[in-house]
Amino acid sequence: MTVFGTFNALKSSNLISWKSTGRLQQTMAGCIERSGKTLHSGEVSRLKILPGFAGEGRYFEFQSKLVPASIDFAKVSPLCTTLCKDGVKVRTVEHLLSALEAKGVDNCKIEIENLDCDSQEVEVPIFDGSARAWVEAIEQVGLKEALDQHGNNGEKVAAYLNKPVHVWRNDSFIAAFPSTKVHITCGIDFPRVPAIGCQWFSSAPLDDSFYAMQIASSRTFCIYEEVESMRAAGLIKGGSLENALVCSSSEGWLNPPLRFPDEPCRHKVLDLVGDLSLFARNGSQGLPMAHIVAFKASVFAFPIGGHALHADFARCLSGII
């Protein structure tokens with residue numbers, strides 16, 4: 001895809017303008033293969049991430065069906081982000097996509113398969129509950145310039161906001177303001193869980209090195225008093241103290257120490273980056289060039305779960321809502 005082809009494939013609107021980042025699209029310099037237990041099904045799955053062509057973006061292949069990592073195929077599901085297409089589902093994609101977006105892997109093919117069962121659904125391994133394993137794997141193989149099938153490179157473009165935008169549900173919201181750099185400010189509030197309480201975290205600004213050092217290793221977390229109801233709903237079958245932080249309303253953290261004092265809030269930034277990566281088109285940057293401010297954006301009470309407002313924001317940017 002040529003420079004002009006990239007721009008022609010994307011349309012600006014009164015809300016956003018697509019502009020060059022001054023960089024070329026990237027892909028993996030080699031292959032990554034990992035397998036592990038999944039959080040919700042408890043099954044074992046295997047992934048192989050391969051280099052992709054410029055302009056193709058990121059996409060999954062499951063049971064010979066292609067599922068683009070696009071907001072067009074994102075569905076509301078409890079406590080994770082799920083992609084659905086042609087009768088198959090790929091669940092819990094947010095940590096992997098977060099690492100790929102933050103580390104600049106604009107184009108790649110992600111082959112995924114179940115190792116324990118034959119199902120129309122598959123889930124990305126949870127590892128330790130963070131994106132650290134994916135970041136380390138990406139850094140190990142490195143990146144290279146992505147070329148299309150004709151040997152042409154592709155300009156990496158990003159969406160610049162023309163005006164502020166926001167979405168909200170009750171007292172939860174995501175707002176974004178025009179900026180020349182990506183900057184994320186995130187707040188969470190758990191008044192009934194004193195060990196978590198109200199936390200704020202801000203990137204300054206968000207780039208691949210900041211993400212790798214300050215965000216990638218933050219782990220997912222849950223409230224101990226909600227575990228039984230989540231398992232009764234068929235969720236977190238593979239959850240354990242090794243792949244999630246667990247906090248009790250009365251007893252505090254059950255598996256300390258935390259990697260950061262505000263690790264729960266940092267993990268919400270990790271999730272937000274992964275979910276907004278679904279806004280990417282044709283190998284573009286998923287995160288808009290904006291200062292994004294999110295408050296309680298992915299902490300709806302179970303069973304609604306998080307991530308829904310993230311998807312609403314990505315759809316808003318896309319002009320879908």
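Biologist: Which residue stands opposite Val76 in β8?
Modeller: Thr81 in β8 stands opposite Val76. Keep in mind that this is a predicted model, where local features need pLDDT of at least 70, side-chain atom pairs count only at pLDDT 80 or more, and totals for chains, interfaces and linings use all residues. Residues are numbered from 1 along each chain as its sequence is written, and side-chain values use heavy atoms, leaving out hydrogens and water.

Biologist: How many bridges join β7 to β8?
Modeller: Four, between β7 (residues 74-77) and β8 (residues 80-85), and these strands run antiparallel. Strands here are DSSP runs of E with at least two residues, helices are runs of H or I with at least four, and both are numbered from the N terminus.

Biologist: And which residue of that hairpin takes a positive phi?
Modeller: Leu79, with phi near 65°; the hairpin has two residues between its strands.

Biologist: OK, new topic. What is the strand order in the open sheet?
Modeller: The five strands go β3-β4-β10-β5-β6, with mixed pairing (two strands pair if DSSP finds at least two bridges between them). At the edges are β3 (32-37) and β6 (65-68), each pairing on one side only. On average, neighbouring strands are turned by 25° against each other, direction ignored.

Biologist: How many bridges are there between β4 and β10?
Modeller: Seven; β4 (residues 44-51) and β10 (residues 108-114) run antiparallel. Within that pairing, Leu50 has Lys109 of β10 as its bridge partner.

Biologist: Which strands of the sheet does α2 touch?
Modeller: Helix α2 packs on the sheet against β4, β5 (58-62) and β10, and its direction makes about 145° with that of β5. Helix α3 (residues 132-141) also packs there, touching β3 and β4, at about 165° to the direction of β3. These angles run from 0 to 180 degrees between N-to-C directions, with axes fitted to C-alpha atoms, for helices over the stretch in contact.

Biologist: At what angle do α2 and α6 cross?
Modeller: Roughly 80°, with the axes of α2 (residues 94-102) and α6 (residues 263-276) coming within 7 Å. They are therefore roughly perpendicular (65 to 115 degrees; under 35 is roughly parallel, over 145 roughly antiparallel, the rest oblique). Among the residues in contact are Leu97 and Glu101 of α2 and Leu270 and Val273 of α6, where contact means heavy atoms within 4.5 Å.

Biologist: Now Thr185: buried or exposed?
Modeller: Thr185 counts as buried, because its relative accessibility is 14% (buried is under 20%, exposed over 50%, partly exposed in between, using a 1.4 Å probe and protein chains only). Thr185 sits in β16 (residues 183-190).

Biologist: Which side chain makes a polar contact with Thr185?
Modeller: That of His291, at 2.8 Å. A polar contact is an N or O pair within 3.5 Å, in which, within protein, one atom must be able to donate a hydrogen and the other to accept it; residues adjacent in sequence count only if both atoms are side-chain atoms. Beyond four places in sequence, Thr185 also touches residues including Trp200 and Phe201.

Biologist: Where is Gln120?
Modeller: Gln120 is in the loop between β10 and β11 (121-123). It is partly exposed, at 39% relative accessible area. A polar atom of its side chain lies 3.4 Å from the backbone oxygen of Gly87.

Biologist: Last one: how far apart in space are Lys181 and Pro288?
Modeller: 8.8 Å, C-alpha to C-alpha, despite being 107 residues apart in sequence. Lys181 is in the loop between β15 (172-178) and β16. Beyond four places in sequence, its contacts are Pro205, Met289, Ala290 and His291.
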